[in-house]
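Work through the exercises below with the model open beside you. Try each task before reading its solution.

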Amino acid sequence: LAASEIWRDIHWSLQWIIEKLAAVPRDLSCNEVRAAVDEGFAAGTYTQPERMQFYGPPVVAETSAVSKDLEQCEKLWKKTEELVGEAFFADGK
């Protein structure tokens, strides 16, 4: 994030602080890599950066309440299939 232009409309003083605290995408990818290769992770395990959920090594964390809302998950899944133009499972589930 710090190297992207996502913060371009933010005041320069706040940009400076963000650049000092934000992790670069290369570092944040540790969360996905750990989740993909750590055999101790159960399906659905969620990881996030350790410090302030913003930077640091990946740690297991609790998911948000909305992530556990099965109705919302179903809507998101169906909308994703609609936008991509492909069903991800043959039986539609």
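Burial classes come first: buried means under 20% relative accessible area, exposed over 50%, and partly exposed in between (1.4 Å probe, protein chains only). This is a predicted model, where local features need pLDDT of at least 70, side-chain atom pairs count only at pLDDT 80 or more, and totals for chains, interfaces and linings use all residues. Residues are numbered from 1 along each chain as its sequence is written, and side-chain values use heavy atoms, with hydrogens and water left out.

**Exercise 1. Outline the fold and its surface.**

Step 1. Count the elements. Helices (H or I, at least four residues) and strands (E, at least two) are DSSP runs, numbered from the N terminus. The protein has 3 helices and 2 strands.

Step 2. Along the sequence the pattern reads α-α-β-β-α.

Step 3. Check burial. Of the 93 residues, 13% are buried.

Step 4. Check contact range. Contact means heavy atoms within 4.5 Å. Take the contacts between residues at least 6 apart in sequence: 22% of them join residues at least 24 apart.

Step 5. Get the area, using the Shrake-Rupley method with a 1.4 Å probe; for residues, only the protein chains shown count as cover. The accessible surface comes to about 7600 Å². Carbon and sulfur atoms hold 59% of that.

**Exercise 2. Find salt bridges and classify the partners by exposure.**

Step 1. Apply the rule: a side-chain nitrogen of Lys or Arg within 4 Å of a carboxyl oxygen of Asp or Glu. The count is 4 salt bridges.

Step 2. Take Lys68 and Glu62. Lys68 is partly exposed because its relative accessibility is 46%. Glu62 reaches 60%, so Glu62 is exposed.

Step 3. Move to Glu71 and Lys75. This salt bridge has an N to O distance of 3.8 Å. Both residues lie in helix H3 (residues 70-84), 4 residues apart, about one turn of the helix. Glu71 has 53% relative accessibility, so Glu71 counts as exposed. Lys75 has 47%, so Lys75 counts as partly exposed.

Step 4. The N to O distance is 3.6 Å. Here too the residues are in helix H3, 4 residues apart, about one turn. Lys78, at 48%, is partly exposed. Glu74, at 41%, is partly exposed.

**Exercise 3. Which residues form the nonpolar patch on the surface?**

Step 1. Patch residues have over 30% relative accessible area and no salt bridge; like charges are joined within 9 Å, nonpolar side chains (Val, Leu, Ile, Met, Phe, Trp, Tyr) within 5 Å.

Step 2. List the members: Trp77, Leu83, Val84, Phe88 and Phe89. Together they have about 520 Å² of accessible area. Val84 is placed in helix H3.

**Exercise 4. Why is the pair of Trp77 and Phe88 edge-to-face?**

Step 1. A pair of aromatic rings is described by the distance of the centres and the angle of the planes.

Step 2. Set the cut-offs. Rings of Phe, Tyr and Trp (its six-membered ring) pair if their centres lie within 6.5 Å; planes under 30 degrees apart count as stacked, over 60 as edge-to-face and the rest as tilted.

Step 3. Search the whole structure. The ring centres of Trp77 and Phe88 are 5.4 Å apart and the planes stand at 65 degrees, so the pair is edge-to-face.

Step 4. Locate the rings. The pair links distant parts of the chain: Trp77 is in helix H3, Phe88 is in the segment after H3, and they are 11 residues apart.

Step 5. Classify exposure. Trp77 is partly exposed at 39%. Phe88 is partly exposed at 37%.
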